[in-house]
Amino acid sequence: MAETLHRQLGMTDDEFTAVNGILERPPADPELAMYSVMWSEHCSYKSSRVHLGGLPTDAPWVVVGPGENAGVVDIGDGWLAALRIESHNHPSFVEPYQGAATGVGGILRDIFTMGARPVGLWNQIRFGDLSDPHNRYLFNGVVAGIAGYGNAVGVPTLGGEVEFDPVYAGNPLVNVMCLGVLQEEQLVLGTAGPPGTVAVLLGAATGRDGIGGASVLASASFDEAAGAKRPSVQVGDPFEEKKLIEACLDLYDRRLVVGVQDLGAAGLSCAASEPAARAGVGMDLNLDAVHLREPDMTAPEMLMSESQERMMAFVAPDQVEEVLAVAARWEIEASVVGTVAGGDRLRVYHNGQQVVDVPAASLTDEAPILRRPIARPDWMDELWKRTDRQADVPIDVALLGLLDDPALGDRSWVYEQFDHMLFLNTVHGPGRDGSLIRVRGTSKGLAVSTDGNGRVCQLDPRRGAERLVYEAALNVAVVGARPLAVVDNLNFGNPEKPEVMWQFTEVLAGLGAACEALGVPIVGGNVSFYNETDGQDIYPTPVVGLLGMAEPIPSLPEPVTGGMSMLLIGPEQTDNLAGSAYQRVVRGALGGRPTRVDADQGGRTIEFAIRLTHVIHGAVLHDISQGGALMAAVELLIAGGVGAHAEFRSVEQAFGEDPHRFLCLVPANRKPEVEQLALEVGCRIEDIGMTGGSDLTIAGPETINIPLERLRDVWANAISARMHGAVHE
Amino acid sequence: MTVGIVAFPGTNCEQDVAYALESLGAKTVTVWHRESSLDGLDAVVLPGGFAHGDYLRTGAIARFSPIMAAVEKLAAEGRPVLGICNGFQILCEAGLLPGALIANRDLKFICRPAHLRVESTDSILTRAATIGQVLTIPLNSYEGNYVPGPEAPNAVLRYCDPDGNVTEAANPNGSAEGIAGIANGAGTVAGLMPHPERAIEDFMASTDGRVLLESFIASVEATPAGVASG
Amino acid sequence: MKAVVTITRRQEIADPEGATIQRALVDLGYAEVDAVRVNRTVEVSMPGRDREYVLSAVRGMCEKMLANPVMEDFEIEILD
């Protein structure tokens, strides 16, 4: 029976043999349950781990690097910032509202586990084309789930990106990043502490949530008749999480915990074994003390349950009473479920019987490491050669097409559903290049940008990944912040395909090189494989979340009005449109090899943007990304409600997306100051036009005139018109 | 003079309201919903958030919290009682203000600035404003759609366009007669859906929230403990 | 004909709203309340159709849209 059981739990025969070797006997069912979840791809990173070692993770300001629940960096004056990003792709496809909601809940716990108060959320979401009602249903559900959970839990959602491409139709991507702020002495780690330390389970009751695999165990061992599929949908409860946040922060303030571990994937299995492994100790866990939502749960079910809104606190024995009192004050449940033991064994008891006895560290440290085959896809050369030169449409037709694209048009339909003002610190919220929040009690501002671009990475995963890091860095630079740390969320297809592993290693090489060049450490990450449908893999879609700091917070940009010079800063756009929004929307194609990052020019551009915001008060800066310089200009004009006269000599000049370039608008009489500064930093600067009037006039191969009103109407309806009335399938 | 700010489990704007009132010169103290007394406090604010997760109906569970008896007593004494967003919903559920708040017309959460026209200055919320004044103050709610009870409410703020016209197009959530804020007959108990504390500093959507919070503080100063009837 | 559809969250799926209401009722003095589940009802009116037809159509509606099969069950009652 056990032979087939491990396969049903998703373990290979080799892994099962390894467990037998570790235990020197066949595992009991609850033990097999623990190994199966802890050694899963999701928990063990078995396909990726061997490749992650080469990334730059050190800098003098890194307090906690990869491996803990979140990365932590020192932002000076006794303050720290904690950051983490994670995916919830598959759950969001099964049940978009709950999948996205529980994704938000999970990332928040990673942050307040570290002792930090979560201060902002960012989301990166990708769907198939909105012309398909099922994609509208998924998009609507995911946005509502993020809103429903994030708003109610009381953490503002400050930015993100949304993209649409048929490649995500069967496999939407939902990545959420969270930032927390704490004072130095509040830092808490996921360690179990010395023998005698008591494990207290806080928060929601444990039910049969997310244990699709465990149901196999339950039915095989205890319920022969059970043909019913156990639910694997987890339901989020932001109310419980809000109470849990306040209770945990209160516990930290009172210095009542030795360590804390949140319960996410692998639930109690992970919360018992990881902190013990980190502390080099053993643990006795008593399942009879766990507060349950359903009374008749089996030991494997309890060990694998992914019920949300739970935390494990490790507490000195003489402080347990006080911890229970704090939990009661915040109206959450708490159970004393275990004790840290000497030695290295994790022992679990159920119905008074010992049901698990394994080396705690074997669940984490001895997880298999796979060296999967890697092969460059034979279609790469073909893709690079593919030229899509064809008769281009007039520039105004192209521009209106781009403005009408839901990934490029007005995204307020999304972000106005998110509370982005709570805590009264939002200097720049969603809809901007980078978000910026003030850290009250200091003169500092923290900026975050999250960026992804699956199409560019499909064409060249290494160059694509490099470009993402530089784009994110420029996005925080244009709000005045200097890059400080990166977290990455690596979304890929099936790692059993050598081509996918090649994309993965190329992306890591690109991320590593760019972060190294910019001197920005990677302090955490998440890998999501198996994003495929019917054998079709998604584009390699790494997402970069970059934290920067502005000190002081620069003065606010002036409103865009008439009489402003439009200055384009950065290297001259090449003839390369590979991977651009123009190629996708206007030409309906994907091909060519994207322009690569120029580390010297990229670094100068970022430096120049930071200097500009702090020196030229009121200057308006805007990163050039999807849709190119013309799109960036039009977004500024729409925001200001003013027209312009601008020159774009070619389609490439207008819509090319070469990296590290931005626009700067200043009153015409201040243009010499910007030019002087550009000279000092060594940046190229080009005057492309002047704001004014109520039309956009584009001088180029032919002169084109469009009323700004028309541009704004098309832009404003890009998402809202498509989603009108879309509430359910 | 001290203002009590009530925190229910799930409330999340209590610190924002405290920050805003204190930056305008008031003294505040946060009061947990399990407490049963507001003795020694001169006024009370029920701030925004999701008390009890907004489960069942917004405010339906919160209105039974022990602190609510003390809020009712304070209101009966004629002292200033202000509900913002979720606090407004709780005051309606508790019967301290008439009507109810239901889901927005478009069934979407709305977080964006709204234009409001001051309809009356006879309330703790608007006494420092002028009639017809247009304020820009952020909304942040899913259930912000006001439905009046049998009697016409004392409307103090209505949604309007930037020029002060109350129109259907300027009504963000479907509220009856564009109502954004109301008061009881005496003007001592008031509630509104928009968040004045989110409009007090230069980097915010506006600084128009100040005039409403200053009205409230002025009302507290004008109604010191022991002087009010009750 | 009118159909009344009751949509319930499957027993094993968490119902945070029900659990919160249960605790609030205990607080209010109803100490004996040990569980609350929050369900939804949907009334569907289909005049001029017979019972069999309405039952079959409404079942289709539930499977396609009214209930989410990954987390909810439904019951249909036909009223004359």
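1. In this predicted model, A:R684 is placed in the loop that joins α24 (671-681) and β26 (685-691) of chain A. Its relative accessibility is 27%, so A:R684 is classed as partly exposed. Buried would require a value under 20%, and exposed a value over 50%.

2. Which residues does A:R684 touch, once residues up to four places away in sequence are not counted? They are A:L568, A:I569, A:G570, A:P571 and A:E572. Two polar pairings involve the side chain of A:R684. A polar atom of that side chain lies 3.0 Å from the backbone oxygen of A:G570, and the side chain also makes a polar contact with the side chain of A:E686, at 2.7 Å. As a matter of distance, A:R684 and A:Y252 are separated by 432 residues in sequence and by 50 Å in space, C-alpha to C-alpha.

3. A:S580 is found in the loop between β22 (564-569) and α20 of chain A. Is this residue, A:S580, buried or exposed? It is buried, because its relative accessible area is 2% and the cut-off for burial is under 20%. A polar atom of the A:S580 side chain lies 3.1 Å from the backbone nitrogen of A:Q583. With neighbours within four places in sequence left aside, A:S580 is in contact with A:R455, A:F655 and A:E657.

4. At least two lining residues come from each of β5 (157-164), α17 (454-459) and α20 (581-585) of chain A. By class, the lining of the largest cavity divides into 5 nonpolar, 5 polar and 5 charged residues.

5. Two or more lining residues are given by each of α3 (86-93) and β7 (134-141) of chain B. The lining of the second largest cavity is made up of 5 nonpolar, 8 polar and 2 charged residues.

6. Helix α3 of chain A, residues 29-38, is largely enclosed by the rest of the structure, because 9 of its 10 residues are buried. The buried residues of α3(A) are A:P30, A:E31, A:L32, A:A33, A:M34, A:Y35, A:S36, A:V37 and A:M38.

7. With 12 residues at 1.5 Å a residue, α1(C) should span 16 Å, and its end C-alpha atoms are 17 Å apart, which agrees. The expected span is taken from one less than the number of residues.

8. Which residues of α1(C) are buried? They are C:P16, C:G18, C:T20, C:I21, C:Q22 and C:A24. The buried residues of α1(C) pack against α10 (238-253) of chain A together with β1 (2-9) of chain C. After the helix comes C:G29, which has a positive phi, near 115°.

How values were computed:
Residues numbered from 1 in each chain as written. Chains lettered and ligands numbered in written order. Predicted model: local features only at pLDDT ≥ 70, side-chain atom pairs only at ≥ 80, totals over all residues. Heavy atoms only, no water. Helix = DSSP H or I, 4+ residues; strand = E, 2+ residues; numbered from the N terminus. Buried < 20%, exposed > 50% of the residue type's maximum accessible area, 1.4 Å probe, protein only. Contact = heavy atoms within 4.5 Å. Nonpolar A, V, L, I, M, F, W, Y, C, P; charged D, E, K, R; others polar. Polar contact = N/O pair within 3.5 Å; in protein donor to acceptor, adjacent residues only side chain to side chain.
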